[in-house]
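Have the model open as you read, and pick out each residue as it comes up.

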Amino acid sequence: MTPVRSKGESMDMQIRHKIAEKPGIGATGHITQATRLNFTSLTTTVPLIIIVRRGRKVIQSPGFEFVLEAGEAIAIAQGQVFDFENIPAEDGDYEARWLTLEPEFVRDFAAADGTEPVMPAKLLGRMGQGLSQAFERAVEALQDDGDLPDAVIRHRVTELLTWLA
């Protein structure tokens, strides 16, 4: 599951990306890059949460612009088109963690919980301890190499959605 689709991208820089996926639930990835990166006209194919660990991310679309500093997060709805720029920290790389959710998984949660999905994007800022821990547990569950039952993985990702609702 790729979180975004790009009309044009330049990959002439040093970039490292690690991805883990659980079909029917979601995926997570970690990206580190040494140089500035710009993407234009990206379409989110699935709901997406991004946390910037180092550096800065600028996200733009008609009607909104978000600038995320290290430690800040954003939730972006499925089907949104935007441009983004990843800017490395002055003393090192750009680093971020992302987590995607299968649209059906989110719809099932929303139907059971009675919540509306994020549209088009919601700046989460610096996440509190509870939300941050829920995010990390969801990431760890999606990275599991087979030790966790799918029901536990679903539970940990649902906990994250509950924090976001």
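In this predicted model, the largest nonpolar core has 24 residues, and those touching the most other members are Ile49, Leu99, Leu124, Met127, Phe135, Val157 and Leu160. Several elements each supply at least two residues of this core: strand 6 (48-54), strand 9 (72-76) and strand 11 (94-101), along with helix 1 (103-113), helix 2 (129-142) and helix 3 (150-164). Helix 2 gives the most, with seven residues. Nonpolar side chains in soluble globular proteins tend to be buried together.

Leaving aside residues up to four places away in sequence, Val157 touches Ile25, Leu101, Phe105, Ala138 and Leu142. There is also a second, separate core of 20 residues, with Ile31, Phe39, Phe64 and Tyr94 among them.

Now back to helix 2. Its 14 residues reach 20 Å from the first C-alpha to the last, close to the 20 Å expected at 1.5 Å a residue. Which residues of helix 2 are buried? They are Gly130, Leu131, Ala134, Phe135, Ala138, Val139, Ala141 and Leu142.

Finally, turn to strand 7 (residues 56-61), which runs antiparallel to strand 8 (residues 64-69) and is joined to strand 8 by six bridges. Here Gln60 stands opposite Glu65. Two residues lie between these strands in their hairpin, where Gly63 takes a positive phi near 100 degrees. Strand 7 also pairs with strand 10 (residues 81-87), again antiparallel, through five bridges. In strand 10, Asn86 is the bridge partner of Lys57.

Terms used: Residues numbered from 1 in each chain as written. Predicted model: local features only at pLDDT ≥ 70, side-chain atom pairs only at ≥ 80, totals over all residues. Heavy atoms only, no water. Core = buried A, V, L, I, M, F, W, Y, C linked by side-chain atoms within 4.5 Å. Buried < 20%, exposed > 50% of the residue type's maximum accessible area, 1.4 Å probe, protein only. Helix = DSSP H or I, 4+ residues; strand = E, 2+ residues; numbered from the N terminus. Contact = heavy atoms within 4.5 Å. Expected span 1.5 Å × (residues − 1). Pairing = 2+ DSSP bridges.
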